Amino acid sequence: LRTIGGLTRKYARNLADITVRQNLQLHWLTVESLPEVVKELDAIGLSPKGACGDVVRNVTGCPLAGVDHEEMIDASPIALEIAQLLTANSEFYNLPRKFKISVLGCPTWCTYPEINDIALTPVRHNGQVGFSVRVGGGLSNEPHLAVRLDAFVLPEQAVAVVKVITEIFRDQQVLRESRERARMKYLFTKEGWTAERFLQEIQSRLDFTLQPGAEEHVPDETLRDHVGVHRQRQQGLSYVGASVLRGRLSGEQLEAAADLADKYGSGALRATVSQNLLFIDVPNEKAAELVRELGAIGLHVEGSPFWRGAVACTGTEFCKLAITETKGFTRWLVDELEERVPQFDQQLRLHVTGCPNGCGQHWIADIGIEGKKIKHEGKVVDAYYFCLGGSVGQHSSIARPVGYRSPASLVPEAIARLL
C-alpha cells in the first residue's frame with residue numbers, strides 16, 4: 001500500500017479509489033508514466049492484468065481468509081490458483097464479455113457471491129468442508145441473482161470445476177451475437193438454460209463425478225463490510241475494519257494506513273468489496289489506539305450508518321459511460337443525511353451508481369440510486385432514479401424501481417423523507 005501511495009502522489013494527482021472488486025484504481029496516468037507504474041506494481045506482486053476487457057476479472061475472496069474466527073476453510077490458495085490459471089491465459093482472452101469469479105470460505109459471504117458469474121461458498125457435508133456452486137449472477141441493466149447448482153465440490157476439485165464453467169461460457173456462440181446480452185446470466189434469462197442443464201454440461205466435461213449438493217446455511221446478514229473491531233482466530237489478536245467513504249483515498253492516506261498497519265499489526269492490509277480497508281493481526285490491547293489514529297487520517301471505524309453504508313462507482317469524473325458525477329455527490333449526500341437525520345441508527349446500504357451499468361451495485365442496496373439526466377428549473381442537471389429494498393442472503397431480492405427520480409440537489413431531502 002505504501003508503494004501505491006507513492007505512485008498515487010507521483011503519477012495519479014494524489015487520488016486513488018478502492019473498487020467493489022477489492023481493486024485499487026489510479027487515475028490521471030499518462031502514457032509516459034505507465035511503464036514505471038507497471039514496473040513498480042510488478043515489484044510488489046500486483047498487476048493491471050484482468051482489470052478490464054472481455055476476460056476473467058480479478059478473483060475476489062474473503063479479505064479475512066486465514067484470520068476469521070468463524071471461517072470454515074481458508075479458500076485463498078484456491079482463489080489464487082484460479083487467478084493464476086485464468087488471468088492472462090490466451091485460452092480465455094476473448095470471452096463473450098467480462099467474467100467475474102468469487103471464492104470464499106467464510107460463512108458471511110462477504111464478497112456477494114449472489115452477483116458473480118461463478119461463486120464458490122463453503123458448506124459442510126459428511127464431516128468435510130467443500131463448496132456450493134452458483135453461476136450466472138450479474139447486475140447492470142438486467143440484474144440476475146446467481147443460480148445454485150446441485151453439486152458439492154471438494155476443495156481439490158474446485159479449480160477444475162471453475163475452469164470448465166469458464167470454458168462453457170467461452171464456447172457459447174449465442175452470447176457473441178450481441179454485447180448487450182453477452183453475460184453468462186443470459187443463458188438463464190434469454191436462452192432457456194436451467195440449473196440442471198448447466199450442471200449436466202459441467203459434468204460432461206469433467207473426468208470425475210460431482211457429489212449432490214449439501215444443505216447450506218445462507219447468511220441473513222446483508223451488511224457484510226467487516227467494519228469495526230473483531231477478534232481473530234489467533235489468540236490475543238483482532239482485526240480492525242475502517243470505512244473508507246466512497247472508497248476514495250489520497251496518497252498520504254494510503255501511506256499513513258501502511259504505517260499504521262506496521263505500527264499496530266503485522267503490516268497486513270486487505271481491501272473489501274465494500275470499498276473499505278482491514279488492518280490484520282492487531283493485539284487486542286492496541287485496537288482502541290489504532291481506531292483513534294485511523295480517525296485522525298479520515299478513516300472511520302465507528303462512523304454513522306450513512307458513512308458506513310455508502311458505496312459509489314467512479315462516475316463521470318473518470319468513467320466515459322457514466323451519466324452523473326458520483327464521488328463528490330456521495331460525500332455531500334452523507335454529510336447532508338448526517339445533518340438531516342442524526343437520530344437514524346439502523347444498518348443501511350446506500351449505493352450510488354452513475355449509469356445503468358450498475359457498478360455501484362444499486363440493485364442489491366436498501367436504497368440504490370441510478371444516475372440520470374432531467375430538466376429542472378429550465379436546465380439539464382444530474383438526477384437519480386430510486387430503487388428500494390434490494391438484498392442479498394436469506395432474503396435475496398433485486399431492488400424495486402419505484403418510479404421516482406429527483407434532481408441530485410434534492411436527493412438528501414427525498415431520502416430523509418423516506419427514512
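**View 1. An open sheet of four strands.** In this predicted model, the strands line up as β3-β4-β5-β6 with mixed pairing; strands here are DSSP E runs of at least two residues, helices are H or I runs of at least four, and both are numbered from the N terminus. Two strands count as paired if DSSP finds at least two bridges between them. β3 (101–103) and β6 (147–153) sit at the edges with a single partner strand each, so one side of each has no neighbour in the sheet.

Residues are numbered from 1 along each chain as its sequence is written. Local features need pLDDT of at least 70, side-chain atom pairs count only at pLDDT 80 or more, totals for chains, interfaces and linings use all residues, and side-chain values use heavy atoms, leaving out hydrogens and water.

**View 2. Where β5 meets β6.** β5 (residues 128–135) runs antiparallel to β6, and four bridges join them. Look for V133, which stands opposite L149 in β6. Helix α4 (residues 158–170) packs on the sheet and touches β3, β4 (118–125), β5 and β6 (contact means heavy atoms within 4.5 Å).

**View 3. The largest nonpolar core.** This core has 43 residues: buried Ala, Val, Leu, Ile, Met, Phe, Trp, Tyr and Cys joined through side-chain atoms within 4.5 Å, where buried means under 20% relative accessible area (1.4 Å probe, protein chains only). α4 gives the most, with eight residues. Leaving aside residues up to four places away in sequence, I165 touches F99, I118, V133, V135, M184, F198 and I202.

Methods:
Axes fitted to C-alpha atoms, helices over the stretch in contact; angles between N-to-C directions. Buried < 20%, exposed > 50% of the residue type's maximum accessible area, 1.4 Å probe, protein only.
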